[in-house]
Amino acid sequence: MTSTDPDRLARTAYEAHRSASPGSLPAWEETTEQEQKAWRAVVTAVTGPGDSTLIEGKGAPSIVVQVNRETNVFHKDFTAGRQGSLVISDDHASSQHCLFQFAHGYWYVEDLGSTNGTWLNGRRMFNAQRLKKGDKVKIGRTVIVIAST
């Protein structure tokens with residue numbers, strides 16, 4: 001998904017930094033307002049009006065996911081949910097539950113404000129999280145296994 005919203009871009013950039021950092025950094029919600037303001041300033045400095053830093057899957061390597069016994073391959077960003085690109089037949093899933101997106105050389109998953117939340121490896125997500133092979137994304141009562149990124 002392409003985004004020009006400075007708050008969203010700042011959060012995504014911070015989470016990418018956090019995922020790549022060897023130390024333990026707090027989640028976005030636990031950072032100070034001053035730190036969040038600094039991250040917003042950074043993304044604003046590198047994007048102009050109408051520019052974006054997230055790509056819409058162009059040139060993205062494929063991601064292979066398994067739901068139940070079915071394997072799906074995606075080559076660009078996609079949504080999962082009862083009405084998503086990856087249809088989840090689960091009454092506990094929202095229509096557009098979460099977004100899988102390729103950004104900064106990695107695949108990420110982000111909850112789209114679903115009612116029951118999106119879970120990664122048993123932990124509820126509150127912001128975009130980087131994915132790796134073997135990760136388990138839970139939507140409602142359905143588990144999506146990341147077979148390959």
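Which residues of the largest nonpolar core touch the most other members? Point 4 below comes back to this, after a few words on the model itself.

1. **What you are looking at.** This is a predicted model, in which local features need pLDDT of at least 70 and side-chain atom pairs count only at pLDDT 80 or more, while totals for chains, interfaces and linings use all residues. Residues are numbered from 1 along each chain as its sequence is written, and side-chain values use heavy atoms, with hydrogens and water left out. The pLDDT, which is the predictor's confidence in each residue from 0 to 100, has a mean of 83 over the protein chain, and 85% of the residues reach 70 or more. Please keep an eye on residues 54-58, where the pLDDT is below 50; beyond near neighbours in sequence, that stretch has 19 contacts in the model (contact means heavy atoms within 4.5 Å).

2. **Overall make-up.** The protein chain has two helices and eleven strands. These are DSSP runs numbered from the N terminus, with helices being H or I of at least four residues and strands being E of at least two. Along the sequence the pattern is α-α-β-β-β-β-β-β-β-β-β-β-β. Of the 149 residues, 42% are buried; buried means under 20% relative accessible area, exposed means over 50%, and partly exposed is in between, using a 1.4 Å probe and protein chains only. The accessible surface comes to about 8300 Å², and 49% of it belongs to carbon and sulfur atoms (areas are from the Shrake-Rupley method with a 1.4 Å probe; for residues, only the protein chains shown count as cover).

3. Six strands make an open sheet with antiparallel pairing, in the order 2-1-11-10-7-8; two strands pair if DSSP finds at least two bridges between them. Strand 2 (70-74) and strand 8 (123-124) are at the edges with a single partner strand each, so one side of each has no neighbour in the sheet. Strand 1 (residues 63-67) and strand 2 run antiparallel and are joined by five bridges, and valine 64 has valine 73 of strand 2 as its bridge partner.

4. **The cores.** Back to the opening question: in the largest nonpolar core, which has 21 residues, those touching the most other members are Ile63, Ala80, Leu86, Phe100, Leu131, Val137 and Ile144. Such a core is a set of buried Ala, Val, Leu, Ile, Met, Phe, Trp, Tyr and Cys residues joined through side-chain atoms within 4.5 Å. At least two residues of this core come from each of strand 1, strand 3 (78-81), strand 5 (98-103), strand 6 (106-111), strand 10 (136-139) and strand 11 (142-148). Apart from it lies another core of five residues, among them Leu9, Ala10, Tyr14 and Val43. Leaving aside neighbours within four places in sequence, the contacts of isoleucine 63 include Val73, Phe78, Trp107, Leu131 and Ile146.

5. Strand 3 pairs with strand 5 in the antiparallel sense over three bridges, whereas its pairing with strand 4 is parallel, over two bridges. Phenylalanine 78 has phenylalanine 100 of strand 5 as its bridge partner, and glycine 81 has valine 87 of strand 4. Both faces of strand 3 are covered, with Phe78 and Ala80 buried on one side and Thr79 and Gly81 buried on the other.

6. **Strand 6 and its partners.** Five of the six residues of strand 6 are buried, so this strand is largely enclosed by the rest of the structure. Six bridges link strand 5 and strand 6, which run antiparallel. Their hairpin has two residues between the strands, and histidine 104 takes a positive phi near 55° there.

7. **A loop residue worth a look.** Serine 94 sits in the loop between strand 4 (86-87) and strand 5, and is buried at a relative accessible area of 14%. A polar atom of the serine 94 side chain lies 3.3 Å from the backbone nitrogen of threonine 115.

Notes
A polar contact is a pair of N or O atoms within 3.5 Å; within protein, one must be able to donate a hydrogen and the other to accept it, and residues adjacent in sequence count only if both atoms are side-chain atoms.
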